[in-house]
Amino acid sequence: GTGGDTLGTLHHHHWPTGLRTLRRKDELPSGNAVDSLDYDSPGAEELLPDIAASADQLLDALDRAVRRRVEIAPAPTPPSDRAGVLSGARVAVLFSGGVDCMVVAALAHRHRPPDEPIDLLNVAFGSPTQSDSLVGNKGAADNVGTDTVDRYNTPDRRSAVAGLAELRKIAPTRRWQLICVNRNLDISSLGAGKAEALPLMFPAATVMDFTIAYALRSAAQGVGLCWTSGDSAGGAESSTAAQQEPAPEPEPARRPLVSGARILLSGLGADEQCVGYKGRHRTRFAKGGWDALELEIERDIGRLWLRNLGRDDRMIADHGKEVRYPYLDEDVMALLSSLPLWHLADLRLPDGVGDKRIIREVSRRIGLSGAAGLPKRAIQFGSRSSKCFKCNSDGNAHVDSATLSDQTAGRIPKKQRPS
C-alpha cells in the first residue's frame, strides 16, 4: 500500500499447466502391468519397484511443506459462550487416524514448540437415542454427557483413538488432544446443519457434497470432548500401542474442550496424487493399465479446485479458521509429478498396501507402522455422515431432492416405538 504499511512484496508466480507426462512402456515394472501380486509369496518383493529413495525425497518435501504451514500460527481464538475450556493449541489437524493425516500430524510436531498442544479434530455421526435405548442413558444433546461411546463408535473414531496412541508413542512429550466432535442424526440437528451448510457449499449442491462438507464443517468447529490416553473406542479392539499406553492420572477422560487453533492442516491431495480412491482408480487400472490410471490421476488433480478446494475452504473459513494443505505444496506436487507412477502406488497389490504406497512408506519411516497399513476410507463413510440422508439417496442427486434421515428411533424395537 501507499500508506507505509506494506508487509511484503507481491511476486507473480508462474505455475505450469502440465504436471505429469505419461510414462514410456519400457519403464513399466516387470511382469504383466495389471496382474495382481501375491504380496506374501516368496520373491514378490523382487517384482516391486524399489521406492526407498523416492520415499526419502517425499518425506523431506513434506517436512518442509508442513514447516512452512505451521511455523507462523496466530494465537488461539478466545472461546465464545460455548461449553468447554479453550484448548490452547495454535495448530490443529483434521484427523481420521488415516495415514495421510497421521503423517501430517507427526511432521507438525517437529515444527511447533514442545510445550504447545496440538489438537486432533475428529467428527462422528450417531443416533441420538440409540445408546439411550440400549444402556439407559439420558440426554441427547451434541457433545455433552458421558454416553458417547455407543452412539459415535464410527470407523474414523476408532482409528483416531488408535492413531492418538501411536502419536503418543513416537512423541510422548507432546500434548496431543483428540477432540471428538459428535453430531446427532435426527431431523432437528440435520435440518439446522443443512441450513448452515448449503449457502457455504454453493455452487456445490449434491448429496455427496453435503455429507463431506457438513462433516468438515463440524470437525473444524472443534467443539467436543477431549479423548485421553487409556480410553478405548466403544470397547472395540484398539492398536497394541493404544492398549499399552498408560493413562495419565491428572487429566479427566473425555472432558469438554474447545479448539482455539486458527490454523487447520488437511491431508487433501494425497488420494488424488498418490492413487487413493479404491473403486475408481482400481477400475481404471484393471481396464487400461498404467496409462489409463495416469490419465485418471491427471483428471483428479485438474478438478481439485472445482470439486474440493472452494467448498472446503468456505466451510472452514466460516469458523474464522484457515485450512492449509501440505500435500498441495508446490514442491511436493512437483516431486510427485516427477516420480514414476508405480513409485507412488502399485495397484497390483491389495488395498492398504498398494494404494498410496509411497505415503505408507513415509509413514513407516517416521515410526507410524500402524497407520501405514490402514485402508482408505472416505470421510462420509468413516464418520458416517453419509447416514444424514435415507439409504436410497443418490450421492449425485441434488441435496434438496434427498430426504434427511431421522434416526431418533435408533435401534428401539418397533413395538417399543411411540405410535
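User: Why is W290 called buried in this structure?

Analyst: In this predicted model, W290 has a relative accessibility of 4%, and a residue counts as buried when that value is under 20%, so W290 counts as buried.

User: What makes the rings of W290 and W342 an edge-to-face pair?

Analyst: Two values are needed here, because a pair of aromatic rings is described by the distance of the centres and the angle of the planes. The centres of the W290 and W342 rings are 5.4 Å apart, which is within the 6.5 Å that a pair requires, and their planes stand at 75°, where over 60 degrees counts as edge-to-face; the pair is therefore edge-to-face.

User: Which parts of the chain does the pair of W290 and W342 tie together?

Analyst: W290 belongs to helix α10 (residues 278–302), while W342 belongs to helix α13 (residues 341–344), so the pair ties together parts that are 52 residues apart in sequence. W342 has a relative accessible area of 5%, and with the limit for buried set at under 20%, W342 is buried.

User: How many aromatic pairs does the whole structure have, and what makes F210 and Y214 a stacked one?

Analyst: A search of the whole structure gives 4 aromatic pairs. For F210 and Y214 the distance is 5.3 Å centre to centre, with 20° between the planes; planes under 30 degrees apart count as stacked, and the pair of F210 and Y214 is accordingly a stacked one.

User: Why are F210 and Y214 separated by about one helical turn?

Analyst: Both lie in helix α7 (residues 207–221), and because they are 4 residues apart there, about one helical turn separates them. F210 and Y214 are both buried, and together with F125 they form one aromatic cluster.

User: How do you know that C180 is in no disulfide?

Analyst: The nearest cysteine sulfur to that of C180 belongs to C226 and is 7.8 Å away, whereas a disulfide needs two cysteine sulfur atoms within 2.5 Å, and C180 is thus in no disulfide. For the structure as a whole, the number of disulfides is 0.

User: What makes L59 a buried residue, and which residues is L59 in contact with, leaving aside its neighbours within four places in sequence?

Analyst: L59, which is found in helix α1 (residues 52–70), has a relative accessibility of 12%, and since buried means under 20%, L59 counts as buried. Leaving aside neighbours within four places in sequence, L59 touches L107, V362, R365 and I366. Of these, L107 is 48 residues from L59 in sequence, yet the two are 9.2 Å apart in space, C-alpha to C-alpha.

User: How many of the residues in the protein chain count as buried, and how many helices and strands are there?

Analyst: Of the 419 residues in the protein chain, 51% count as buried, and the chain has 16 helices and 8 strands.

User: What is the average pLDDT of the protein chain, and where is the pLDDT below 50?

Analyst: The average pLDDT of the protein chain is 79, and 70% of the residues score at least 70. One stretch with pLDDT below 50 covers residues 233–252, which has 29 contacts in the model beyond near neighbours in sequence; another covers residues 409–419, with 8 such contacts.

Technical notes:
Residues are numbered from 1 along each chain as its sequence is written. This is a predicted model: local features need pLDDT of at least 70, side-chain atom pairs count only at pLDDT 80 or more; totals for chains, interfaces and linings use all residues. Side-chain values use heavy atoms; hydrogens and water are left out. Helices (H or I, at least four residues) and strands (E, at least two) are DSSP runs, numbered from the N terminus. Buried means under 20% relative accessible area, exposed over 50%, partly exposed in between (1.4 Å probe, protein chains only). Contact means heavy atoms within 4.5 Å. pLDDT is the predictor's confidence in each residue, from 0 to 100. Rings of Phe, Tyr and Trp (its six-membered ring) pair if their centres lie within 6.5 Å; planes under 30 degrees apart count as stacked, over 60 as edge-to-face and the rest as tilted.
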